[in-house]
Amino acid sequence: MRHTQVHIDLPALRHNLLQVRRLAPHSKVMAAIKANGYGHGLERVALALPEADAFGVACIDEALQLRSIGIEQPIILLEGFFHVDELPQAEQYGFDLVLHHPSQVDKLSQHRFHQPIRVWLKIDTGMHRLGVAPEEVAPLWQRLVEHPWLVPLGQMTHLACADDSDSPMTEQQLALFASLTAGLSGIQAIANSAGIIAWPSSHVDWVRPGIMLYGVSPLLGGRAEQHGLRPVMTLRSELIATRTLSAGEAVGYGASWRCPETMPIGIVAVGYGDGYPRHARSGTPVLLNGREVPLIGRVSMDMLAVDLRSQPQAQIGDPVVLWGKGLPIEVIAEHAETIPYELLCGITRRVECVAVP
Ligand SMILES: *Cc1c(COP(=O)(O)O)cnc(C)c1O
């Protein structure tokens, strides 16, 4: 068997939830576990977080999966429903809907209710992705309040630039949200992970952490360690070949990297077919036997090459960490010109997943 695995450190996940509570002690926590728990396993993550006050998911399939394993906390469909045929199940399983568009409120009138449905109203305060426009907020909230079957819980919005403490955008969004919701009943939710860490005034009634639960910094240039977070996922593999090449010889597809001198190189059994980013450039750190060696040449589907000049004694079978414990995923994302979110979600099915309870 190919020893390419992700280890999921569940105690670290629970530690990170506690860290959310320390940072936002007066807020309830809606844990964002969409996209297969950011690649960590939807069910595994939900079962490991009995202390979460609620779970946020992107679609009803994810919500149904959670109920099917006995999750009883509130489950919020962060984009509401896409089609009215989802409503009977939303009602039956008690999912909370985020309504982000007036057409969703119109469509609810086509539904024959048997049970009340709890709803949030999502307001667009400047991100311009989902949410109702400022002038629609008051009349729509009134419609929700007057609806005989809807239970309006409160209002939410999403921050576009909370990861950047120099951006004026967050203050503008917070001010607009406060003014739009000032006269409305219900509770409020604003902060994602970056808001929780960098913008205490965004905490309000509920916070919605995602990436920080998985032990990753949400801030530009940030590192999990600075926020007291512990990485949950470690991507591991091993050395499967070593060889010595002469000066000028090339490594990998396109012969894009050439040896500056006679030197040992190693091949690691991980590639973009596993979710390691193909765009990671030469020089991206790889942890071999607990010490960093640089990636060299292009990443292949199933393998990548490393420079062994600092570890000429390295042998086939030696352990390799691609990110996680000992090697921050933030560093790898920077070298690959992407974000940790994309790396976490990109682990493919063939990678064996081992959870540490
Ligand atoms: C995914 C999501 C979050 C969590 O964001 P992070 O940056 O991962 O903390 C919060 N709110 C909404 C609406 C989301 O979709």
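**The contact between the domains**

Analyst: Domain 1 and domain 2 bury about 1000 Å² between them, and 66% of this area is on carbon and sulfur atoms; buried area here is the accessible area, taken with a 1.4 Å probe, that two parts lose on being put together, summed over both. This is a predicted model, in which local features need pLDDT of at least 70 and side-chain atom pairs count only at pLDDT 80 or more, while totals for chains, interfaces and linings use all residues. Residues are numbered from 1 along each chain as its sequence is written, and side-chain values use heavy atoms, with hydrogens and water left out.

The domain assignment gives domain 1 as 10-221 and domain 2 as 233-356, with bounds that come from an automatic or database assignment. Their C-alpha centres lie 37 Å apart, and the contact (heavy atoms within 4.5 Å) takes 13 residues from domain 1 and 11 residues from domain 2.

On the side of domain 1 that touches domain 2, helix 1 (10-23) and helix 2 (34-39) each supply at least two residues, and the largest share, three residues, comes from helix 2. Helices (H or I, at least four residues) and strands (E, at least two) are DSSP runs, numbered from the N terminus.

Tyr 38 counts as buried because its relative accessibility is 7%, the classes being buried under 20% relative accessible area, exposed over 50% and partly exposed in between, with a 1.4 Å probe and protein chains only.

Ser 27 sits in the loop between helix 1 and strand 2 (28-32), and with a relative accessible area of 7% Ser 27 is buried as well. A polar atom of the Ser 27 side chain lies 2.7 Å from the backbone oxygen of Val 204, and the side chain of Ser 27 also reaches the backbone oxygen of His 203 at 3.3 Å.

The structure as a whole holds 11 salt bridges. One of them joins Arg 223 to Glu 334, with the closest N and O atoms 3.0 Å apart; because Arg 223 lies in the loop between strand 9 (206-207) and strand 10 (233-245) and Glu 334 in helix 10 (residues 329-335), the pair ties together parts that are 111 residues apart in sequence. Arg 223 is partly exposed at 23% relative accessibility, and Glu 334 is partly exposed at 39%.

Another salt bridge pairs Arg 350 with Asp 274, the closest N and O atoms being 2.6 Å apart. Arg 350 counts as partly exposed at 40% relative accessibility, whereas Asp 274 is buried at 0%. Salt bridges with shared partners bring Arg 2, Asp 274, Asp 302 and Arg 350 into one network.

Technical notes
Polar contact = N/O pair within 3.5 Å; in protein donor to acceptor, adjacent residues only side chain to side chain. Salt bridge = Lys/Arg side-chain N within 4 Å of Asp/Glu carboxyl O.
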